[in-house]
Amino acid sequence: MKTRNLLLLPCLALGFSSAMPLCAEEPIIPPSVAAISPAGMVRGSIASFTIQGRNLSGATEVIFDEADMHGKVTQVIEVPEQIAAARAGEDLDAQVPLGKKQTATLEVTVAKDASPGIHRFRVRTPLGTTNTIAFAIGALPEVKHREKIPLDSGTPAQLVDLPATLVGTIAAPGEEHRYQFHGMAGEEIVFRVQASMLGSELKSMLVLSDSSGQILAAAGKSDIRLDTALNYKLPQDGQYTLSITDRNRGGGMGYFYRLDAGPLPYITGFFPLGVRAETVAEVTVEGANLGGIHEVKVNPPSSPAGWTTMPLKVNLEGMRPLNEPKLQVGNEPEILEQEPNNSIAQAQAVSVPVTVNGHIDGGVSAGGKPDEDYFRFHASKGEQLSIEVAAARLGSPLDSVIEVLDAHGKSIPRATIRCLNQTTTTLSDKDSRTTGIRLVSTAELRDGDFLMVGDELNQIDFIPDQPDADTNLKGMDDLRLAYLGTSPDVHAINTPVYKAQILPPDAEFPSNGLPVFHLTWRNDDGGPGYGADSKLDFIAPADGDYFLCLKDVRGMEGTDFAYRLTIQETAPDYRLRAEPANPNIPKGGSTPVTVSVVAIRDYEGSIDVEVKGLPQGVSASPATIMPGQDSTLVILSASPDAPLDADPAPIEIVGHAKVNGHDLVRAANSTGSAGQPLQLVSIIPPPDVTVTTESAQVSIEPGKEVTVTLHVQRQNGFKGRVPCSIENLPPGVRVVNVGLNGVLVTEAQSSRTFTLRAEDWTQPVKQPIYVVAMIESNSPTKHPSAPLLLQVAANKQASDANQGQLDESKEPASGSRSPSR
C-alpha cells in the first residue's frame with residue numbers, strides 16, 4: 001500500500017559547490033533536468049543543446065531511446081543562485097536542499113535515417129541518471145521566429161519559404177506569431193504543431209488567412225487535443241499568412257512550439273481505427289499529399305496482450321508522412337457499423353464477442369439531432385461483459401459516452417448509493433484531476449470509505465492523522481479515480497460530500513434524511529489510460545436482449561469521428577506501474593520501487609512481482625501485491641562491491657497472476673506491445689543514511705496499537721534530519737500520533753519510536769512492511785530498512801462485518817479491490 005503518513009520538507013536550503021557532497025550538510029542528490037533548449041533538431045545533423053538542471057557535474061553519457069542518436073556533454077556551467085537564509089523559528093518548511101543549479105551543453109548527432117518524432121533521453125552522472133527529457137527530431141529545415149520584422153518587408157508577418165519547421169515561443173500572454181508564405185493554386189498546405197508532448201504549456205490555435213486578411217481555415221479552438229493540425233488546399237497563387245497563438249490567450253517562456261509547415265504528406269484520417277490480430281486487412285487513409293494512395297495493406301501481429309497498437313505505415317517512395325498514426329490490434333471478430341442505427345428501433349444486431357468499426361456522423365448534417373449509434377446484443381443473467389470504446393486514444397476527435405439500456409430502451413439500474421453522513425469541501429475549489437480534497441470533518445470517515453462528491457463516486461486512500469491537511473482520494477497517473485461509471489468533475493468550495501454505502505439497485509432501507517443516488521450502466525471517461533474513451537464492465541441482470549447507445553458527450557459529430565466498439569466476455573486482466581523507472585541504487589545500500597496496480601478486471605488474487613535484467617551485484621527482494629491491495633514495494637539492493645562505473649542496465653518489471661492455472665504476465669509501464677524505454681538501474685555512491693528496526697517482526701490485533709523503534713545511522717558526514725515513512729502497510733493499519741512532522745528523526749536524534757494502529761475492521765494478513773528514510777532535496781533519495789514482518793491477527797467482528805461485500809453490487813469490504821471504474 002502507499003505511504004501512510006505525511007512528510008513535511010526540511011527548513012534548510014543550501015548552495016552547493018559541486019555535484020558530489022563536500023560538507024556535512026550536503027547530502028547525495030541525484031541529478032535532474034528541468035528544461036532543454038532548443039526543443040528539437042533536424043535529423044542527419046549535429047546540434048548543440050542547453051539543458052537546465054541540478055548536479056550535472058561529471059556527466060559522462062547521454063542515453064537515448066534509439067540507437068540512431070548519440071550525444072556527449074561538452075560543458076557544465078554553474079548558475080549563480082541567491083538563496084535566502086531560513087529565518088529561525090519562522091521558515092520551518094521553506095525550502096529543501098536543491099543541489100547545484102547548472103546548465104550543461106550537449107552535442108547531439110542524429111543519423112539521417114533516424115525516425116522523426118518525439119524522442120527521449122537521460123543524462124548519466126556519477127550520482128546516477130536523470131529524469132527523461134523529450135525532444136523532437138525533424139526532417140525539415142528550421143526557421144526561428146524573429147521578434148522584430150524588418151521595416152522593408154512590407155508586412156507585419158515574418159516571410160518564410162516552405163516547407164520548413166517554424167520554431168518559436170509565445171513569450172507574452174495573447175501574443176500571436178504570424179508567418180507569410182507564397183502558395184500556389186491547388187497546393188495542399190499542412191501545418192502540424194508539436195508542443196505539449198515536448199513539455200510546452202502551449203495549447204495551440206492556428207488561423208490561415210489570404211492576402212486580404214480573410215480567414216480561410218482555423219483549428220484548435222475547441223480541439224480536445226492540445227497540439228493541433230490544419231490542412232488546406234490553396235485556391236489560387238498568392239501570399240498567405242499562418243498565425244499561431246495560445247487558445248486561452250496564455251504566454252510565457254514555457255509556451256514554445258515547433259510547427260511543421262508546407263505541402264507535406266499528412267494523414268488526416270483512417271478507417272478502420274484497428275484490425276484483428278493475424279488477419280491481413282486494408283485500411284483506408286485520407287490526407288494531404290499522399291500521392292494518390294487511398295488504401296494501405298497491413299499485416300497485424302499475433303496474439304496481442306491487453307491494449308496493443310501497431311504503426312500505420314504509408315510508403316511514399318522513400319518519404320514518410322509527418323505523422324504515423326497507430327492502429328489498435330484486437331482479437332475479436334470485426335464488423336462495420338451499418339446505418340441507419342440512430343434509434344432503438346433501428347439498432348444494429350451484433351453477436352458477442354465483436355468489435356464494431358463505425359463513425360458518429362450524419363445526424364445534424366441531415367437536419368436531425370446529432371448522430372447516436374445503437375447496437376442490440378444478447379446476454380444471460382449474470383454474464384459479465386467488457387465494453388470499451390477506442391477513439392481518442394487513436395487520434396479520433398470523438399469524446400464518447402456509452403450506456404447499456406434494457407429491452408425497452410430504458411436505463412438499467414446499476415447500484416444504489418445510500419448516504420450515511422455529510423460533510424462539505426472547504427478551503428478551495430477542486431479541479432477534475434486533483435486527488436487531495438479538504439473536508440470540514442473526517443470524524444466519521446476511514447481509509448477505504450467511498451464518498452459521493454456531486455455526481456462523482458470516489459474512494460478515500462488516506463486520511464492524515466493531523467489537522468489542516470487534505471484527505472487523499474485514490475488516483476493514478478495524476479488523475480483522480482471515479483467509480484461505477486461516474487467521471488471526475490470540478491467541485492466548488494462548500495460542495496456537499498457524503499459517506500457512501502454501495503448497495504444493490506433494488507435495496508430498501510429506511511430514510512435517514514440524506515440523499516439517495518441511483519447509478520445506471522453509463523460511462524463517459526474510462527479512467528487512467530483511457531483518456532476520453534469510455535469503458536464499462538457490464539453485468540447482465542437478467543436473460544434477454546440489451547441495447548448499447550454510443551454518442552459524443554458534447555453532441556458533436558463528423559466524418560472523422562471514428563471509433564472502435566468492442567464487446568466481449570470479461571477476462572481477468574491488469575496493468576502495472578513501477579516508479580521510479582530509473583532506480584539509482586547506492587553502493588552497499590538499497591532503494592525502493594513502488595509497483596502499483598493501474599487497472600484490474602475480474603481478478604482478486606495476488607500478483608507476484610519480478611525484476612528482470614538486473615546487473616551483477618544488484619538483487620531484488622521478493623514482492624507481492626496482496627489480495628485487496630493495490631501496490632507493493634520491491635527493494636533493489638547493491639552489494640558493497642558493486643562497481644560504480646558499471647553502465648546503467650535496462651530492466652523490466654513484470655507481474656505474475658495465477659488465472660485458471662495459467663500465469664498471466666504483464667509488464668509494468670507497458671503502453672502496448674513494448675515497455676517504456678529507458679528503464680535503467682544505476683549504481684551511485686554509498687548511502688547517506690541506513691535505517692533499521694529493533695525487531696524483525698511485529699504482531700497486532702484489530703482495534704489495538706503497537707510501538708516500533710527505528711534507528712538511523714548517518715554516513716558520509718551527513719548530519720541532517722531524516723523524515724521516515726512506513727510503507728507497504730495493509731488496509732486498516734496506519735501510523736498514529738505523529739503530529740505535523742510525521743515520523744521525523746531530528747538532527748539531534750538517531751532513534752524514534754512510532755505507533756501502529758489496526759482499525760477494528762482490519763483483515764488478518766501477514767506481509768512485510770518497511771521503514772523508509774528520506775534524504776530531503778529536490779531529488780530526494782529513499783533508503784528502506786530490511787523487511788519488518790507485520791502480522792495482523794484475526795478478528796471475528798471484522799470478519800463478520802465484511803462477509804459477502806465483495807461483488808460490485810454491494811459495498812466493497814475495506815481491503816477488497818475497488819469496484820469497476
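Q: What makes strand β51 (residues 631–638) mostly covered?
A: Seven of the eight residues of β51 are buried. Buried means under 20% relative accessible area, with a 1.4 Å probe and protein chains only. A strand is a DSSP run of E with at least two residues, numbered from the N terminus. The model is predicted: local features need pLDDT of at least 70, side-chain atom pairs count only at pLDDT 80 or more, and totals for chains, interfaces and linings use all residues. Residues are numbered from 1 along each chain as its sequence is written, and side-chain values use heavy atoms, without hydrogens and water.

Q: How do you know that β47 and β51 pair?
A: Two strands pair if DSSP finds at least two bridges between them. Strand β47 (residues 590–601) and β51 have seven, in the antiparallel sense, so they count as paired. S596 stands opposite S631 in β51.

Q: How do you know that β49 and β51 pair?
A: Strand β49 (residues 618–620) and β51 share three antiparallel bridges. V618 has A638 of β51 as its bridge partner.

Q: What makes β27 and β29 a parallel pair?
A: β27 and strand β29 (residues 373–379) pair in the parallel sense over two bridges. In β29, R376 is the bridge partner of A349.

Notes: Helix = DSSP H or I, 4+ residues; strand = E, 2+ residues; numbered from the N terminus. Buried < 20%, exposed > 50% of the residue type's maximum accessible area, 1.4 Å probe, protein only.
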